[in-house]
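Hello,

The structure we spoke about follows below. My notes on it come after.

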Amino acid sequence: MSDTTERLEVTEIERPMTCEEAADLLRVHPRTIKRMAGRGELPGHFRFGRWFFYPSELDSWMRMELDCSRHPCR
């Protein structure tokens, strides 16, 4: 491999969180997590009869919510 060829980094696959783990992260009740995800207010994935959440998506969502609260859109 030459120096000019870019190297691809091998990254670890992100493990999805359960509803309970997401609730712990956001410090709310698991039912609140399910309700918010069901309404599309929170990024989540419903597969195999369960909700799953990716930490990176929840982190981005939290950062976006913080930015919106500082700068009212109305």
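Which residue forms a salt bridge with Glu 21, and how far apart are the closest N and O atoms? The partner is Arg 15, and the closest N and O atoms are 3.0 Å apart. A salt bridge here is a side-chain nitrogen of Lys or Arg within 4 Å of a carboxyl oxygen of Asp or Glu.

Two notes on conventions. This is a predicted model, in which local features need pLDDT of at least 70 and side-chain atom pairs count only at pLDDT 80 or more, while totals for chains, interfaces and linings use all residues. Residues are numbered from 1 along each chain as its sequence is written, and side-chain values use heavy atoms, with hydrogens and water left out.

Salt bridges

The structure holds three of them. In the one already mentioned, Glu 21 is partly exposed at a relative accessible area of 29%, and Arg 15 is exposed at 54%. Buried means under 20% relative accessible area, exposed over 50%, and partly exposed in between (1.4 Å probe, protein chains only). Arg 39 forms a salt bridge with Glu 41, with 3.6 Å between the closest N and O atoms. Arg 39 is exposed at 54%; Glu 41 is partly exposed at 37%. Arg 63 forms a salt bridge with Asp 59, with the closest N and O atoms 2.9 Å apart. Arg 63 and Asp 59 are four residues apart in helix H3, so about one helical turn separates them.

Overall layout

The protein chain has three helices and two strands, in the order α-α-β-β-α from the N terminus. Helices (H or I, at least four residues) and strands (E, at least two) are DSSP runs, numbered from the N terminus. Of the 74 residues, 18% count as buried. The chain exposes about 6,600 Å², of which carbon and sulfur atoms supply 52%; areas come from the Shrake-Rupley method with a 1.4 Å probe, and for residues only the protein chains shown count as cover.

The buried residues of H1 are Cys 19, Ala 22, Ala 23 and Leu 26. They cover an arc of only 100° around the axis, which puts them on the same side of H1; the arc is that of the directions from the helix axis to the C-beta atoms. Just after H1, Arg 27 has a positive phi of about 60°.

In H2, the buried residues are Ile 33, Met 36 and Ala 37. These also fall within an arc of 100°, so they line one face of the helix. The face turned away from them carries the exposed residues Arg 31, Gly 38 and Arg 39. Gly 40 follows H2, with a positive phi near 85°.

Leaving aside neighbours within four places in sequence, Trp 61 is in contact (heavy atoms within 4.5 Å) with Leu 26, Met 36, Glu 41, Leu 42 and Pro 43.

Regards
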